[in-house]
Amino acid sequence: MSLEEMDTPPSQPFANMPWPDRYQTLTEATNNSLLKAFYQAGCCDANTPLSQVPMVAIDFETTGLSATEHSIISVGLVPFTLEGIQLSAARHWLVKPKLALHQTSVTIHGITHADLEQAPDLVDILPELLECLAGRLPVVHYRDIERPFLDVALRHRLQEGIQFPLLDTMAIEAHLHPDRRPTFWQTWRGKKPLSIRLSDSRLRYGLPHYAAHNALMDAIATAELLQAQIAHHFGAQTPVSDLWL
Amino acid sequence: MAAPSTASRFGAITHDQTVLSAIVLAKHYLIHSGGCMQAELIDIRNHLLQHSPFNEMPEELVNRVTETIEIVYARAGTELLRINDPSKALYYVRSGAVEIFRRSGELYNRIGEGEIFGEFGLLMNKHVRFPATVLEDSLIYRIPAETFHYLFEQDEGFADYVEIEDRSRLRSAVSRREKSNQLMTSRVSRLISRKTVSAPYTVRLQEAARIMTENSVSALLLMEGEGDQARLKGIITDRDLRIRAVTEALPSETPISDIMTEGLITIPASHYIFEAMLTMLHNNVHHLPVMDDHEVRGVIALSDIVKYESQSSLYLVSNIYHQTSVKGLKKISLEVRDSFVRMVNEDANSHMIGSAMAGIGRSFTQRLLELGEEKLGPPPVPYCFMALGSMARDEQLVVTDQDNAMILDDSFVAEEHDAYFLELAKFVSDGLAECSYTYCTGDIMATNERWRQPLRVWKAYFSDWIDNPQARALLNSNIFFDLDGIYGETDFAEQLKTLVAQKASNSQRFLAMMARNALNRTPPLGFFRNFVMEEDGKHGKTFNLKRRGTAPLSDLIRIHALACGSKAQNSFERLDAIGKTRLILDDGIGNLRDALEFIAIVRIRHQALAIEAGREPDNNVRPQDLSPFERNHLKDAFQVLSNAQKFLKYRYNAQIARNVS
């Protein structure tokens, strides 16, 4: 089973085009200047070795799991390459959610109503956010959050969504451990399923445990995990299209 | 693939309000302190804050470091730094382990979580000096060169940390710290301020005195031959004029050659001032002709060095010679520890400190002998007062007892003369005890009749030790194989050294016995490189840096030196001598030298810290009192010792000796 087959991306315009061509077409098609600039920065060719791909790890904290029902409350990102992760360019924003904050999410993220009262709307940070993403391949842990949430948030605010390829460190772990769910027999014998959550995956590579969880630390943790995955299982010369989704 | 069941996608997150308030507080702190680090990076910042040298840095400085970090993941086996690559960053191990190598490819250090590497290249020449290879999969923080240099400028603690450690690790020849010890970095030639004043050695006493007065010099060089052919023949000093000429009322027409000192001790112009100081201390001379090959460049006097470095231990020494009573000497002896601490703080190396302390000890002994002779009258027969053990090796520290002996002229008749020498020996020994050089518990002192004997008896002692070696007896007489004449007919001691050098190298049985004894004390290193501790009533678990470090090291160096027929006494000089033969390869010599220097300097610092804290200095160290750096390097040094002991056993068949005895 290849990575591509595991999930069907949401339907998008020009979905059948290769990514570099799609970016070119979208540059022409979009009416929004921010998105035009984003697509114009281009997308690397499918054959580009990973060592030459500029990347950006992103992580959102959200009020829930559904892009249509829940909101983004914080955004963390850090640009990197296989050479290293540049903390000097790391960014973190709190953003005001459109919908009321659930009490449960508050305790999970450690972000309070008071913090968010002061926060800007996503639209205010969009120029900076898109500039950070432009020309870089986004990397996330679990692809069904950042890309759909950003897409929905932009549709809501700019009347136009966003598309980009990405690397998903969780999908990579899933791919590496196809038999992670024990059989009935194994479950009966007490075998636990192998976790592919971020902190558990990191442990398998000897990466340190981070006490604090915020969008930026999780983005950094994701970038570190990808470096470890590539070093252990793929190699810097792997074409980016082997892994992107 | 199923989505995780809660909004917490990333596993066991158990945030609570305390974490929140910590983050909020940190944010406020950053805003108010003007820092611009993302508060969310606090996890990374806090890791730095737990480790040297960042743990002693102002928090806002660590924030600045944090925001410039580049994180790198490297698998085991990755060559992280290659020799001569440009040095672009300081490296901090967040997790994992890295090995640092010497140029020769030999393992130099192992760096673990929270430790840094790569500072040498940044400090020295901007090129990697020690290649680094990842030992375990590691997460590394790269701190860019600009940040490193910024910290170096802004934070003295940081500068000290990366530099001092560098120095003790490497004995790097060039000091880069302005406040570093000038005695160690300035050449002797710097002290020469005037043209050499000399005269033919054929001049008369009065003429010599006139030349010295006219030129206002305290020493006059006496030359043989003319012009380019002139060779240094001797020297005459103010002190000589006073003591030899004036007090003995010599006629002014006396040839100067009658009272000049010949066989001069000189120093090459290229040597460091501290070496001149050591030479003066060791030989008890106050003037040193400075030589360029065979040509005299000038003369430096003790007072020149004291002027240059008024805090030097030479100042203390010159004071010792001004004392006219044991009481006065006792008073001065209180300054010895200050002088020791000062040298440690000035980053002197162990050789320099050991030699200076031994020089001070010699000076006390010499002055006591002078005072003793004044009191008891001139000796009935010539004699030599001999230092043994660490003083003879020029490796004395502050916690030391007296080990000494007397070699008497062969014309010695016990019934007639011994009362005098016993009295003199007692005077010196009691005086030394007053000055904090405690009595030797093994009774190896000139007050013991056995160690107050004519030269021929001493020769018989040494011949017997070497020709009929017995392990137990040698254990006690080990100390006599570090010997040095420090007063009187020092030639007697030289004769003993020569005898030992000639005989020892030919006696395999003797060397085997000595080697066997040297293996009794092993380094405190267990399997897996952990320290093996001993219970110390006062401090809990400790290990003894002398008994299990410097002492077994100097023991094994002594045996190799004896096998080479060397007459050197100092361990470093012995290593030089061993290096000239092919007994041990150059690498091995270098390792032993580094190991000895490192263990000795840790021991010295340990004692200096105790003195500064008002505690009684000792040799027992608790591992938790050492920095991770010191711990690692001590382990390396002990490993060197352990390997060297294995070689010793093999080289001298020490195993077989055990069966024979």
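Trainee: Is helix α21 of chain B largely enclosed by the rest of the structure or left open?

Mentor: This is a predicted model, to begin with. In it, nine of the eleven residues of α21(B), which covers residues 508-518, are buried, so the helix is largely enclosed by the rest of the structure.

Trainee: Which residues of α21(B) are buried?

Mentor: They are Phe510(B), Leu511(B), Ala512(B), Met513(B), Met514(B), Ala515(B), Arg516(B), Asn517(B) and Ala518(B).

Trainee: Which residues have the most contacts inside the largest nonpolar core?

Mentor: Leu511(B) is one of them, along with Met386(B), Met406(B), Ile407(B), Ile559(B) and Ile599(B). That core has 134 residues. Helix α24 of chain B, residues 586-612, gives the largest share of this core, with ten residues.

Trainee: And what is Ile599(B) in contact with, leaving aside neighbours within four places in sequence?

Mentor: Its contacts are Leu545(B), Gly549(B), Thr550(B), Leu553(B), Leu634(B) and Ala637(B). There is also a second, separate core of 108 residues, which includes Tyr23(A), Val152(A), Ile196(A) and Phe117(B).

Trainee: Why would nonpolar residues group like that?

Mentor: In soluble globular proteins, nonpolar side chains tend to be buried together.

Trainee: Which strands does β3(B) pair with?

Mentor: Strand β6(B), residues 132-144, is joined to β3(B) by ten bridges and runs antiparallel to it. Glu99(B) sits opposite Thr133(B) there. Strand β5(B), residues 116-117, pairs with β3(B) over two bridges, also antiparallel, and Tyr92(B) has Ile116(B) as its bridge partner. With β4(B), residues 107-111, there are four antiparallel bridges, and Val98(B) faces Ile111(B) across the pair.

Trainee: What happens between β3(B) and β4(B)?

Mentor: They form a hairpin with five residues between the strands, and Gly105(B) takes a positive phi near 95 degrees.

Trainee: What is the strand order in the open sheet of three strands?

Mentor: The order is β11-β12-β13 in chain B, with mixed pairing. β11(B), residues 267-268, and β13(B), residues 295-301, stand at the edges with a single partner strand each, so one side of each has no neighbour in the sheet.

Trainee: Do β11(B) and β12(B) run parallel or antiparallel?

Mentor: Parallel, joined by two bridges; β12(B) covers residues 287-292. Within β12(B), Val290(B) is the bridge partner of Ile267(B).

Methods
Residues are numbered from 1 along each chain as its sequence is written. Chains are lettered from A and ligands numbered from 1 in the order in which they are written. This is a predicted model: local features need pLDDT of at least 70, side-chain atom pairs count only at pLDDT 80 or more; totals for chains, interfaces and linings use all residues. Two strands pair if DSSP finds at least two bridges between them. A residue is buried if 20 or more other C-beta atoms lie within 10 Å of its own, exposed if 12 or fewer, and partly exposed in between; C-beta atoms are placed from the backbone. A nonpolar core is a set of buried Ala, Val, Leu, Ile, Met, Phe, Trp, Tyr and Cys residues joined through C-beta atoms within 7 Å. Two residues are in contact if their C-beta atoms, placed from the backbone, lie within 7 Å.
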